[in-house]
Amino acid sequence: MAKMNAVFLPGNKQVEIRSVAIPQPGPDEVLVEIKASCICRSDLSLYYGNAVVGGEAAGACITGHEPAGVVVKTGEAVNEFAPGDRVAVYLAVGCGVCKHCRSGHHYLCAKWRCLGFTADGGNADFLKVPARNLLKTPDGMSHIAAAISTDAFGTLYSACRKVGIDGASAVGIWGLGPMGSAGVLAAKAMGGRVVALDPIAERRAFAKKLGADLVIDPLADDAMDQVREFAGDEGLTGAIDCSGQSAAHNMALDAAAPFARIAMVGEAAETTIKPSDQMIRKQLTVFGSWYFGMDEYEDILALISRHGIDLERLATHTFDLQDAERAFRMFDQRETEKAVFVR
Ligand SMILES: [Zn+2]
Ligand SMILES: [Zn+2]
C-alpha cells in the first residue's frame, strides 16, 4: 500500500513524522494533494498536550487544520470537483444536514469533527475529506495564500465584518500574531482606520508594514492616551482582541465609544472586566468570533482579489514537512508570524 509522511503532535513538545497509508476517498469524498498547510496558535495546544478541541484523543490524528492543495482523486458521487482543481479546505466536518451545517457553520454541528484534532488533517502529503469541505480557490492564488485565506484571514474577515468596519470606523486590534496581522489587512481593506497594539516591537513594525495607521506598545505609560487621541471624539468604534489577555480586554472596553462593537477572537479561559462602566452604560456589543461560515468564503476571496491583498506576506517562514520539529519550536517561541509547510 502506498505510503505518505504525516506530522503528529502527541504532546509534551514531541513532534513525530510517521509513514502512514495514503487514504482512499469514499463515494462523496476527495483526495487532495497538499501543497501548503499552516501552523496555528491552536496547534500549540496539541504540542503541549492540552488540546483545545478533542481533549486527550486529539494527539492521535494527523495535525494541520489550514491546508490547501490540488484535488487528485474524487469519489464516484462527487460531481462538483475534479482532479486538478485548486482548493483550500474548511476545517469542520459536519453531518451536512443539520441546521448549522446547512447554514455553513459546520463547527456548530453536534457531530462535527475538526481537521487536525479529531479528524486527520493536512500536515501530510495527502488529505481525504468530504467534497463539501472544499473551498475552490482561483488559479491565480498561490497555495500558501489559499491556506492563509482560511483560519488566519477568513477568521479575521468574519470578525471585522461582524464589527461592522467601514470607512468611518476607528478600530483597535490587540495582539499582532498571525491573527492580528490578518486583522490589520482585513480591516484596512474594509476601509477602517486601524490602531494595532502588541508589546513585541517586531510585531508592531510588521503591522505597520501591513498598513496599520498607528502601532502602540500597550505596556507604555501613555498607551491609552495614544489610543484616545487616535480614535478622537468618544473612542474606538470597534475593537478586536486577538491576545486573549485580560489587560487587553479591559483596554479595548475602556477605549470603546458608545455603541462600539468588540470582537473577542484570542482564546481565553477567563477574564475580569467591569461591565457597568465598560459595557452597560456605553451600550456596547461584545461578542465572540471563531473561524468563519462557509457561506462567507466567496466574499473573503472577493475582498482579497479586489484589494490585491497579498496574504503571502503573512507567511514569514516556510518549512519542509521533515523540518516539523524546528517549525513548531520556532512558532512556539514566537520567532515567526505564519509558519507554513510547503511541498
Ligand atoms: Zn488555525
Ligand atoms: Zn450537522
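The C-alpha centres of domain 1 and domain 2 are 29 Å apart in this predicted model, in which local features need pLDDT of at least 70, side-chain atom pairs count only at pLDDT 80 or more, and totals for chains, interfaces and linings use all residues. Domain 1 comprises 3-136 + 310-342 and domain 2 comprises 153-288, with bounds taken from an automatic or database domain assignment. Residues are numbered from 1 along each chain as its sequence is written, and side-chain values use heavy atoms, with hydrogens and water left out.

Between the domains, 10 residues of domain 1 are in contact with 12 residues of domain 2 (contact: heavy atoms within 4.5 Å). The two domains bury about 940 Å² between them, 66% of it on carbon and sulfur atoms; buried area is the accessible area (1.4 Å probe) that two parts lose on being put together, summed over both. Of the area that domain 1 buries against domain 2, 58% is supplied by R313, L314 and E337, more than by any other three residues.

One salt bridge is counted between domain 1 and domain 2 (a side-chain nitrogen of Lys or Arg within 4 Å of a carboxyl oxygen of Asp or Glu). E337 forms a salt bridge with R203, with the closest N and O atoms 3.5 Å apart.

T150 lies in the loop between α3 (143-148) and α4 (151-163), helices being DSSP runs (H or I, at least four residues) numbered from the N terminus. T150 counts as buried because its relative accessibility is 0% (buried: under 20% relative accessible area, 1.4 Å probe, protein chains only). Beyond its neighbours within four places in sequence, T150 is in contact with E66, A88, V89, L135, T155, Y291 and F292.

Terms used: Chains are lettered from A and ligands numbered from 1 in the order in which they are written. Helices (H or I, at least four residues) and strands (E, at least two) are DSSP runs, numbered from the N terminus. Buried means under 20% relative accessible area, exposed over 50%, partly exposed in between (1.4 Å probe, protein chains only).
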